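Thanks for making the time this morning; I would like to walk you through one model, taking a sheet, a ligand shell and a helix in turn.

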Amino acid sequence: MSVSTPQGSGEFPDPGPRTPDPGLTTPWYSEGLRFDCQRCGKCCTGEPGLTWVTPDEAQALARRLGIDERTFRARYTLNVFKDGVVRTTLKDRPAGKLGHACVFFQKGVGCTVYEDRPRQCGTWPFWRRVIDSPESWAREAEECPGINQGPVVSAAEIAATAADDGLP
Ligand code: SF4
Ligand code: SF4
């Protein structure tokens, strides 16, 4: 690609202040981060939460459960108006001492749709907002005992996961 100079001046125009290229900056997690799910179920229970489901995910879950998508949506999902857009989330239900639980969480079993769980469940804890800073990572580590356990996940893998974390 060529760069042209303004006719007659012989100089490049002032490009303004330089901005960092995000592709060139080193993330704070450049050495990688450790994560190993302890299957405690805390992320599927507790306070009422939102688990976003895309149309493809809804279809896969309906297929898994042997029901049509319309029935699946009526039984297991809610539409939520957020940031000017209607999105679909899995329902929560009261779960006694656990507080609330995702409609697919079963005590003693965990996620009953594990292989077809929504993307945001599979990308945890490498969500954009969680890896945003060491502080946000440390905050989530207080709630999720799998954070900072187990093998190191590389910075490249973390960045790729966060870039498509399944969250709006
Ligand atoms: S809170 Fe963390 S360790 Fe517990 S089930 Fe969820 S991801 Fe795994
Ligand atoms: S779909 Fe499964 S992993 Fe995701 S919140 Fe529900 S029970 Fe947890």
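**Ligand shell, sheet and helix**

Let me begin with the ligand, and please keep in mind throughout that this is a predicted model. The shell around ligand 2 divides into nine nonpolar residues, one polar residue and one charged residue. If you want to find these residues on the screen, ligand 2 is surrounded by Cys44, Thr51, Leu90, Cys102, Phe104, Phe105, Cys111, Val113, Arg117, Pro118 and Cys121.

Turning to the sheet, we have an open arrangement of three strands in the order β2-β6-β5, and the pairing is antiparallel. The strands at the edges, each of which pairs on one side only, are β2, at residues 45-46, and β5, at residues 92-94. Between β2 and strand β6, which covers residues 100-102, there are two bridges, and these two strands run antiparallel; within that pairing, Gly46 stands opposite His100 in β6.

Finally, the helix: which residues of α6 are buried? In this helix, which spans residues 155-163, they are Ile158, Thr161 and Ala162, and because they cover an arc of only 95 degrees around the axis, they lie on the same side of α6. As a reminder, an α-helix has 3.6 residues a turn, so residues three or four places apart point the same way. The exposed residues Ala156, Ala160 and Ala163 are carried on the face of α6 that is turned away from its buried side. As for what covers the buried residues of α6, that includes β1 (33-35), α3 (119-123), α4 (128-131) and β9 (147-153).

Terms used: Residues numbered from 1 in each chain as written. Chains lettered and ligands numbered in written order. Predicted model: local features only at pLDDT ≥ 70, side-chain atom pairs only at ≥ 80, totals over all residues. Pairing = 2+ DSSP bridges. Helix = DSSP H or I, 4+ residues; strand = E, 2+ residues; numbered from the N terminus. Near = placed C-beta within 6 Å. Nonpolar A, V, L, I, M, F, W, Y, C, P; charged D, E, K, R; others polar. Buried ≥ 20, exposed ≤ 12 C-beta atoms within 10 Å, placed from the backbone. Arc of directions from axis to C-beta. Contact = placed C-beta atoms within 7 Å.
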